Structure formats: structure tokens, C-alpha cells
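I opened the notebook to record what I looked up in one structure. The entries follow the order of my searches.

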Amino acid sequence: MQRLGMPPLKNGLGDQGTVAAAKLAGADQFVIGNGVSIIAGFAQGTNSIPEFDGIYGPGPGGIAAAMSEAMTYGKKSVLGIGPTECVIFADETADPLKIAYDLINEGEHGPDSSSILVTTSTNIAHQVEALLWKCIDGVEEKRRQYLQNVFGSTGKGAIVVASNMDEAFDFINWFAPEHLMIVCDKETENRALTSINNAGEILIGEYTPFSAANYGIGITAVLPTNHFARAFSGITSKDMVKYSTIGRLSKDALQEIYPIIKEMGNYEQLPCHVKVADIRLFN
């Protein structure tokens, strides 16, 4: 049984597109309400919300914190799925206008989005900066306000000019972005792919925008944020599977590994670990 939690629309109902997509994916029940409250319900169970063993999904900081807390109740989830973030690594061959819109692509999610260009080219940096604000002026009001916050003095948007490629790669590996786009010549691209180890997803080339990965490629779009890509990968079906390890020994097999049991048990000063083998083999 699979359930989907979602916030209500103004009419109190769930979003029809979300319901339809979830239904196609196998969801059979839907819970509408505040995201943090729904996660609490899934974690502990209520009169109207059954308890669940696994809770997954992206969201802002409050949702990420709630899923982290749910794990303390033995619920399977994935840490570090918070506000969206991206890094674009670009060189002189990149189209500044496309890069500006790529930054906007992630920045328009919300005022807490992080959207960063990393380059060794001051020329590209200046061109993108100039075009960025012109592009933002053409965005509808709600999203424009988000973008003005992201790329304003208190936001998490930035253009970083590195002194050399190694410095750029070191920064990207430290930041460990949720989304990474690489737009540069082939030689630099190959160097980047061998040097950058920490990213939730890596999109290569000017014709692989973030939106294509979100909507059309088929790769997961639920990815680690907040430096978690240093140690975590994006959510896939394998994260929703658990397994039990199984072992069975014959008496001869137990006899064969008995010296190991005896040595380790004695070393760790756990005599009963040795005794349970003794009574099976020598009594």
C-alpha cells in the first residue's frame, strides 16, 4: 500500500496533476494537509493516517527536518533532501544567455534556493551577471520576487570566479551540489568529469538543462542537498527496498570456522560466544 501526502489547493483539494501522477505510480490513498504534520502522522500513526515504515520526498527545510526526525522513530527515509541548489561550471565556450536562464531555472523554486555559476572566465562571469538581471526583469511577479531574493545580497545565488580549474573543482566538490551542469569544451569537460566526485546529478552539455532532467530524461530528481552529495546519492527504488541477511551452517562447516569463533570470542572477552559453539561441537 502506498500513500501520498500533499498540501491543499485553495479549494481544499489536492493538485489533480500530482494525484494523477501518483496514481500511475501505484499510490492508492492520499493525505492532504501541512507537510510536517503529514510526516508526523506517517511516522506515528493517527486515527485517520496509518503509520508507515518509509517516508520519502523533497521539500523545504521544514520537510527535511521532519523526515530526519521521523528516522528516529525507525522510519526509513533519506537525509539531506532540502531546498533546491545547483552549480553550473562553464568556460568561455558557454552561451551567457543560456547560463543566465539556467541559473534562473533553479532559482525560481523559492527564495531559499541556491543557484551558483562557477567559472575561471571573468568575461563569462561579467556577461552572465549583466544578462541575469535583464532576464529576471522579464519573469512574472511571484517568481521574480524569489529570484531577486536568491540573487540579492542576502540570497544564496552567486557567481564564483576561480583562479584556475583545480580551484573550481575543489569548490564544487566541497559544495557537493544537488544539481551540477557542465558546459565547456570537450577537453575541459573530460577534466571536470574526472575531477568532480560530489554531485547529486551531473548534466553535460548546453542541451541538457536542469528542466530536462527534472521532467524528461527519466533520472531521479530527488537528490541530496546541503553537502549531503559528498556521501549520499539520489533516491531511487532501491532506497525503498530492505533485505535480511540469511545464513545456515552444517556441523562440519561450523567445525571449520570454530577456530575463528574461539579466537575472536576470547580476544573480545566474550566467553559465551565461544561456549555456544563448544556445546554444539563437543558435547
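Where does helix 10 bend, and by about how many degrees? I found the bend at isoleucine 257, and it is about 50 degrees. Proline 259 follows within four residues. I note here that the model is predicted.

**Entry: helix 10**
I looked up the extent of helix 10, which covers residues 251-267 and has 17 residues. From its first C-alpha to its last, helix 10 reaches 24 Å, close to the 24 Å expected at 1.5 Å a residue. I then listed the buried residues of helix 10, which are Leu254, Tyr258 and Gly265. These buried residues pack against helix 11 (271-281). Just after helix 10, I found that glutamine 269 takes a positive phi of about 60 degrees.

**Entry: glycine 41**
I placed glycine 41 in helix 2, residues 35-44. Is glycine 41 buried or exposed? Its relative accessible area is 3%, and buried means under 20%, so I count glycine 41 as buried. Setting aside residues up to four places away in sequence, glycine 41 touches Thr46, Ile49, Pro50 and Glu51. One of these, Glu51, came up again in a network of salt bridges with Asp53 and Lys75.

**Entry: the largest nonpolar core**
I counted 23 residues in the largest nonpolar core. Those that touch the most other members are Ile88, Ile99, Leu103, Leu117, Val128 and Phe151. Among the elements that give two or more residues to this core are strand 3 (85-90), helix 4 (96-107) and helix 5 (122-137). Helix 5 gives the most, with five residues. I also checked leucine 103: beyond its neighbours within four places in sequence, its contacts include Ile88, Leu117, Val128 and Phe151.

**Entry: salt bridges**
How many salt bridges does a search of the whole structure find? I got six. In one of them, the side chains of glutamate 206 and lysine 98 meet at 2.7 Å, N to O. This pair links distant parts of the chain, 108 residues apart: glutamate 206 is in the loop between strand 7 (201-204) and helix 9, and lysine 98 is in helix 4. Glutamate 206 is partly exposed at 40% relative accessible area, and lysine 98 is partly exposed at 34%.

I next looked at arginine 191 and aspartate 166, whose side chains meet in a salt bridge at 3.1 Å, N to O. Arginine 191 lies in helix 8 and aspartate 166 in helix 7, so the pair ties together parts that are 25 residues apart in sequence.

Notes:
Residues numbered from 1 in each chain as written. Predicted model: local features only at pLDDT ≥ 70, side-chain atom pairs only at ≥ 80, totals over all residues. Heavy atoms only, no water. Buried < 20%, exposed > 50% of the residue type's maximum accessible area, 1.4 Å probe, protein only. Contact = heavy atoms within 4.5 Å. Core = buried A, V, L, I, M, F, W, Y, C linked by side-chain atoms within 4.5 Å. Expected span 1.5 Å × (residues − 1). Bend = angle between axes of the 7 residues up to and from the residue. Salt bridge = Lys/Arg side-chain N within 4 Å of Asp/Glu carboxyl O.
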